Amino acid sequence: MYILNKKEYKQIIAKWLDKFDVFAPQKAGEFSQFLPVDADSELDFTEPHNTRYPPKALFLPQSETMMRYNRRLNRSEGGQEEIKPRLIWGIRPCDAKASSLLDTVFYTEDDGDPYWIAKRDASVLVGMGCTEPCQTCFCTTVGGGPFNTDGLDALVTELGDEYYIETLTDKGERLFAELPIASEEQQEQVQTLQSKVKGAMEPVFETDNLKEHLDDIFGSDYWDTIAESCLGCGVCTFLCPTCFCFDIVDEVQRSERVRNWDTCMFRIYSQEASGHNPRPTRKERTRQRIMHKYSYWLDHIGEIGCTGCGRCVRYCPVGLDIRAMLNTANAYESEGIHVG
Amino acid sequence: MSGNIPNPYEPIPMRILRAYYESNDRSLKTFELSFDNHKDCDEFFSKYNPGQFCQLSIFGKGEAPFGIASAAWEGNFVRFTVQKVGTFTEYIHTLQAGDALGMRGPLGNGFPLTEWKRKNLVIIGGGCAFSTLYALTKHIQHPQNRPEIEELIVIYGARNSGLCMYKHDIESWYQEEDIQLHQAIDVPEDGWFHHVGYVPDVVKEVAPSPDNAVAVVCGPPIMTKYTLPTLVELGFAPETIFTSLEKRMKCGLGKCGRCNIGSKYICKDGPVFSMAELQELPDDI
Amino acid sequence: MPEIKVELKKEIDRLLNEDVVDVVIAFKKADAPLRPQPAFFRNVDEAAELEYNGLCQNNLANYLTRYPQDTRIGIVVRGCESRSVNALLVEKQHHSENLYLIGVPCRGIIDIKKIIKQTGEEVTAFAEDEDEVTVRVKGREVKFNRKDILHDSCLRCVHPNPINTDILLGEPLPEGDPTVARQAVESFASLGQEERYAWFRQEAERCIRCYACREACPMCYCTECFVDHATPRWTESDISPAGTQAWHIIRAFHQAGRCTSCGACERACPMDIKMTYLTEKLNEDMLEGYQFEVGMDDTTQPPFASFDLDDKNRFVL
Amino acid sequence: METGPKIALFQCQWCLYSEADQHWVDHELPPSIHLVKLPCTGRINPLHILNAVQGGADGIMISGCQPEKCHFIEGNLSALRQHDEFLNLLEYIGYERDRVRFTWLDLQDRGRIQRDLAAFEADLSQLGKADILVTRGIPSMRGQHA
């Protein structure tokens, strides 16, 4: 456990710059997002909540060139980019947890995703605990917390004028080993602070039988009602830190095979060449999004595929709130139609 | 370490060895692809199991999944039969022997052959989806593999005789003793001496015994939909009926999320599922 | 404003009770704070959830095209929404006899982003009267002058009163000043060529291609959008500058003679991208070149749907 | 390697009445001019123009029949308003309008396409290389760093 004076964090980041590409939240226009840091970057931790654009893009960029190709020969020319070691400073616990959830998809043994793995292996994640969670945050409800350490190499907790740093892995330890060690008093202060913040976050929906319940109401009218005002845009899924669907497209103008984020909320996502669409309306698509996060993820790894970051709630253009949707689902009287 | 990981998105360089039309109306074309590199070839066949599929890849056009229609013992090539349905397949149809293309695979689970050991096997196929079943039959026909399966019944239906695939080879199966072949077309035709009618009806007519038997069904969705209940009527348990699903896919590795149904990814956990497994899945197909 | 809500409720109840319509499209209380949500009332019980205030930021005409043409729809419309409905009727997207427009003169939509910019996200309560808006943030009250937090497109609004309605609730408001809208376009056009491009590029570059602007727009009802075409693909599909710029240019251009300047696209954008400066320009040109204003009635075809032999004298070099 | 300005030529297949002109366009165009042959200028979608601009064309020439003499009676007229407005919009966001030129050809305009192209080339050389909206290339840095 180390202590860093807030005023000195710039010096320590400057020191890392020759070894790492450092990424940290900075203001880009009106809102903050993860951008590369140089010596004069002004970091932005003023907002208590997350960056608007999810840091999953650090590992799974929204658009990524997979390979260049020679069209005439119909052969790949490779072109996977070299990744310099990366230090990601100030990632919130929900987003860090999301990247460890996504590891179960991309960092697999026999058919791992080389693009994801290269970036993950090169990265050190220093998290910033949330001392002031938003009213749209619900990490504690879905098994995380404002000081959750999943996926992190070190966790920073703000303690007055100082940063209290808890190193969690060797990678993290190496970063901070030169700093002064926190006193016992400070350790206690942090523990009190953390449990106070955590305690103040009430669960916002019941998760105990949620999966079973959602499976039960799969064929019910519930989905009609919640999807009625949905626009079918990609805001919730693109900004979601755990949504990982992508599309592979050949950009013929530049002879590159590119992968782009994609979303189950778009009609063309599941449109088949034959014209058949298994999810023809917004109802099925909304259902897929919610079922995937709150049911299918549980089948796969036993954890909910949502980290409670609250972005989908904050930025939905029609004010749909997944917490309310799930509360409605829990209250929805299943008519015993279990389809499938 | 990242440089050393094999990139599953990188297509294997392949070349067309032979290409020929399979049906009279030229809507089906078969391609036999050979490997540019020996290493890829060895690796492919060390993993291949009938029922699996590959992503054929043409730079500038994209990728699309196709079931493998050849057995490993047939030679160092991979066979696909492509039906012309969209822009991608239309382009593939223009390719000829010697043309280069990419392939990723084998992908998916394939048929659970070890599970079927010492059982009677009923193969039921319709249309161009018969391709993977052809691979399965070819695989079993090899003298080394034949003892693994007891009785072998093949029921194959097409819309008309002109659409029957792998004609010459399949016709020769009538001569073989250890294979019971039933071919069918939808409407009567001059010179057709086999079954006439839809596949579910032919299955009813043939009435294979469910004792110590498993059935595999591959065909257009409408055929599968009616054949499965027919088999159940005949006494097959849902655990002994298998089918292969199709869905829009991109990565073929269970990562891009597109072919997700319930907790399964068709490309990785499938495409072969037992009917019992399908009943567990939500109605999202 | 509560009076108007009472009147609205009364009218909606009447429509549902007397079976004048099958469904009423309106707003209901929010799930998320500050976000009233589009709602679809099929009976009086459901209509109890009705909400109507300055925060209702979506264009309800957007939902019209989701229903079969024989559905009898009641729809709450403000100035811009009524014009969107008219524009949709021009394009034969519904039968006008199956529509019942409940008009409400509009004082402008409050831009939540402008509030949040000053207060942070933690707004817990909201109240408004004619000129003033009060919000509660972390236990303290913050007051705003309504004008300061109206959405940009509402500041430029010319027609706050709905047009072609079946019933108009509340008192009509004075029309807006058309020169204000023109000024916005003119001031952008007066910038240097490179500045204009720099601005456009900067805005387009933030785009994440979630297509919230498209989905929020009542006029974007195509089943297959041009960006979804796979063969031939005329635009890059990723977030490369070429892709996002093409999206913003062509999206705007497809709105020429169809956009009612409601600003729903901008309000829906999660990345705060400005878009109305493009459509505003097109609207100005339509007005100037063809004396056409979108949605002023439900029959006049937009300029691009027709042509005139005089055109050749106008454009041909 | 210095070459002349790159031009995308959208040509209506009916607009060149003279066989010699059509032969020249079909077979003897200089390599800096890329030909896109169309059934009618009314077929041109703003997307096609934008695609050429983004792909690095320094200039775009659209050659069509005189309005009223359109092979399809009124094909080009019906698209005229759109083309004009599209250029207004491009100009509004900073594109140089002079980089797009229409040439409406008539029966007596034998050989004019060559002259017009030459004149356009000369004007484009004055304007220099196109820069605005020419954006083909690797995705912006945004994709890299959130």
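Which residues does E64(A) touch, not counting residues up to four places away in sequence? The first legend gives the reply.

This is a predicted model, in which local features need pLDDT of at least 70, side-chain atom pairs count only at pLDDT 80 or more, and totals for chains, interfaces and linings use all residues. Residues are numbered from 1 along each chain as its sequence is written, chains are lettered from A and ligands numbered from 1 in the order in which they are written, and side-chain values use heavy atoms, with hydrogens and water left out.

View 1. Beyond four places in sequence, E64(A) touches Y115(A), K119(A), R257(A), V258(A) and R259(A) (contact means heavy atoms within 4.5 Å). E64(A) counts as buried because its relative accessibility is 4% (buried is under 20% relative accessible area, exposed over 50%, partly exposed in between, with a 1.4 Å probe and protein chains only).

**View 2. C137(A) in a loop of chain A.** The loop that holds C137(A) runs between strand 7 (123-128) and strand 8 (154-159). With a relative accessible area of 16%, C137(A) is buried. Its contacts, leaving aside neighbours within four places in sequence, are M201(A), G308(A), C309(A), R314(A) and R323(A). R52(A) is 85 residues from C137(A) along the chain, and their C-alpha atoms are separated by 13 Å.

**View 3. The contact between chain A and chain B.** Chain A gives 49 residues to the contact and chain B gives 46. The buried area is about 3,800 Å², with 51% from carbon and sulfur atoms (buried area is the accessible area, 1.4 Å probe, that two parts lose on being put together, summed over both). On the chain B side, Y9(B), F59(B) and K255(B) lose the most area to chain A, together 21% of what that side buries. Of the five pairs of chains in contact, A and B share the most contacts. Chains B and D do not touch, and their nearest C-alpha atoms are 16 Å apart.

**View 4. The salt bridge of R75(A) and D36(B).** The side chains of R75(A) and D36(B) meet at 2.9 Å, N to O (a salt bridge is a side-chain nitrogen of Lys or Arg within 4 Å of a carboxyl oxygen of Asp or Glu). Between chain B and chain A the count is six salt bridges.

Conventions
Helix = DSSP H or I, 4+ residues; strand = E, 2+ residues; numbered from the N terminus.
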